[in-house]
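I opened my notebook to look up how this protein is put together.

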Amino acid sequence: MVPHPIFVMNAETSRYYIDNLYTQDNAKCYQALNFVKNSIMGSNRQKGMVIANGILPRLLQVLPDQTKTPDIRLETVVILGSLAKGSEDQVKSLVDANVVTYIFNAFLMDDEPKFTEACLRCICTILQFPFSDYSVVFSDAAIIRKLIKTIEESISNSICAMSILSYSCRTIAHQNTLWEEGIGFILANLLNTELDDLSIATLKCFARVCQDNPMISAALEETEYNGKTMPEMLDSMRGGDRPTSMRLAASKCITCLYRAGALGVNDSKVMFGALPTLVRLCQNDQKWEHRVEAAEILAVLIEDDAELQSLASISNHLLQTLAEFVNYPAHPLGEYGGTYGEHRSKEMKQAAFKVFASLGANDEEIRKRIIETDNLIDHIVLGLKDPSPKVQLAAVRCLHSLSRSVQQLRTTFQDHSVWKPLMTLLEGASDEILSVTSSTLCNLLLEFSPSKEPILESGAIELFCSLTKRDDHSLRLNGIWALMNMAFQAEQKIKSQILSTLGTDQIFNLLSDSHINILMKTLGLLRNLLSTKPHIDYIMNLCGGDIIQAVMMILEGDNLPEVKEQALCILANIADGDIAKDYIMRNNEILKKIQEYMTNCNAKLQAAAIFCVSNLVWKEDSGAADRQAKLKEMGIFKLLQQLITTSDSLLFDKVKTALTQFSDS
């Protein structure tokens with residue numbers, strides 16, 4: 001009996017076969033490739049030697065070479081596919097060499113079934129890694145068309161093509177491209193298969209195609225196949241008799257359809273289908289990977305609806321189950337230590353934090369129950385300090401949700417000095433973490449929060465002023481929002497520091513921002529700075545001319561009524577100052593603008609303008625008679641007399657108050 005040859009690549013043999021890879025003799029080239037293929041099979045060490053010996057560039061030269069036989073090109077793809085099953089570092093070498101692009105180019109040129117399947121398998125293996133370049137898939141319409149065409153050719157091709165599309169479909173443009181190529185009918189057709197692997201791959205592609213896409217989601221919701229709608233098919237696939245991976249994937253599809261508006265919150269497939277399924281799959285009789293995935297999908301499902309949050313919180317002991325997630329040991333009893341155990345523990349924690357964040361988004365009682373869950377706040381604070389950005393982000397999102405509670409801000413957050421790790425987290429954080437962290441600190445800066453003072457003392461003013469200059473509009477919003485909260489009922493020195501650090505130029509920039517929320521918070525900041533008479537006079541003395549100019553810019557601009565109302569309220573605050581009044585009284589343009597808004601068709605704008613007049617002519621203030629005389633001369637008193645007949649009760653009260661301030665009224 002002839003012994004089976006042992007393929008081992010060493011210094012002596014490798015040189016011989018590497019040399020033969022470059023020969024024009026196809027027989028020798030094929031023999032060399034066959035040796036390489038067999039030597040690396042199942043051995044990451046041998047795969048490392050192939051890459052270290054520089055064979056990869058030669059493989060990429062052979063792949064498109066039409067002078068090589070089909071067997072040679074097939075063997076080349078098989079080798080690349082084997083390398084793709086190596087270590088993460090080895091796969092990174094393939095990604096760095098743009099292997100996926102080379103294989104797709106070859107895939108487009110050759111329709112031979114075995115070659116096509118080998119190409120798809122290799123690409124599918126590489127794209128499952130998060131660092132792979134999935135953009136290649138949608139870089140050429142021909143790739144998409146051929147991928148869809150291969151779905152009809154075999155089960156293996158169908159699974160690979162569905163997987164490749166689910167890995168790479170990341171944008172609305174990608175979704176729309178697939179829809180235009182007929183992916184809807186393909187999904188409906190493949191969901192009817194009896195093959196679990198194909199069903200799961202199809203479900204994952206389905207979720208990617210409809211995620212955050214109302215148009216496609218609505219169309220899929222209406223699609224029928226063999227007398228069943230797509231949601232009905234999905235609902236049947238999350239049943240307890242199906243594999244866990246399928247139940248998860250089907251529940252995710254239902255979640256995506258719901259979040260995109262294609263299914264209502266009261267739809268039984270959402271409230272009594274996906275939700276209890278996901279809660280059930282979080283239980284400790286499931287694999288940890290499935291528990292994590294179930295929790296992450298559940299967090300998305302219930303994120304925006306109070307009714308779903310309430311139902312989930314009382315379903316199947318969910319809070320206690322999530323406590324198990326948080327307390328999951330890095331090294332369970334009987335296991336040796338290692339990075340795998342730590343990775344598993346981190347994944348469990350971040351998944352639990354995400355669900356806690358969604359559960360506590362609206363209801364105070366649920367937040368209280370969350371806080372009372374097994375020292376959760378200690379775990380969250382530790383999560384803020386975790387080296388993993390994924391854990392940090394989930395922890396701070398959880399804190400952000402819980403920080404909506406006045407009670408928790410006054411007690412738990414203060415007892416644990418939560419503000420400290422949050423401030424530390426801001427240093428060098430990614431924009432995503434920075435956005436949620438700064439948003440959480442905005443809540444901690446509310447006037448009833450005991451954390452407000454220590455945050456101010458830790459240099460927060462400079463930090464949040466710098467955020468208002470960031471390109472990301474959510475960071476600008478959080479920056480100005482925090483400053484607005486800081487300025488509310490603040491001491492004069494705090495207000496002065498905010499104004500001097502921010503600067504009037506930046507205030508003008510923020511008032512010209514295209515995002516209305518930023519504009520409104522900037523006006524809110526000015527209102528808070530200009531409160532209490534001594535502070536009003538002090539601030540106006542510092543930069544009164546700039547503030548008046550800013551208000552005029554808003555009132556004369558094409559802004560929404562609620563924006564202009566805020567500007568008029570700022571004028572009313574200025575008019576409440578002792579010395580600050582003069583900035584209005586000396587400016588006839590401002591006075592005429594106030595008079596103009598007294599007859600505006602919007603009652604709230606009228607009321608705000610009349611409130612300005614009341615503060616200007618308040619008879620107990622020094623110099624009131626002169627101001628009253630000037631406003632009478634302008635016709636404002638007469639206008640008030642005409643407005644007293646209004647049927648609007650709020651406006652009537654403002655007019656009556658203003659009229660009573662005139663001495664001879």
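I looked up the largest nonpolar core: among its 234 residues, Leu359 and Leu571 touch the most other members. Such a core is a set of buried Ala, Val, Leu, Ile, Met, Phe, Trp, Tyr and Cys residues joined through side-chain atoms within 4.5 Å. Buried means under 20% relative accessible area, with a 1.4 Å probe and protein chains only. Helix α35, residues 533-556, gives the most to this core, with 11 residues. Helices are DSSP runs of H or I with at least four residues, strands are E runs of at least two, and both are numbered from the N terminus.

**Where it comes from**

I note that this is a predicted model: local features need pLDDT of at least 70, side-chain atom pairs count only at pLDDT 80 or more, and totals for chains, interfaces and linings use all residues. Residues are numbered from 1 along each chain as its sequence is written, and side-chain values use heavy atoms, without hydrogens and water.

**Leu359**

What does leucine 359 contact, leaving aside its neighbours within four places in sequence? I found Ile302, Gln309, Ala312, Ser313, Leu318, Leu319, Leu322, Ile366 and Ile370. Contact means heavy atoms within 4.5 Å.

**The whole protein**

I found 42 helices and 2 strands in the protein. Its radius of gyration (over C-alpha atoms) is 33 Å, well over the 26 Å of the globule rule for 665 residues, so the protein is more spread out than a compact globule. That rule is 2.2 Å times the number of residues to the power 0.38. The C-alpha trace spans about 125 × 55 × 55 Å along its principal axes. Buried residues make up 54% of the 665.

Note on methods. Buried < 20%, exposed > 50% of the residue type's maximum accessible area, 1.4 Å probe, protein only.
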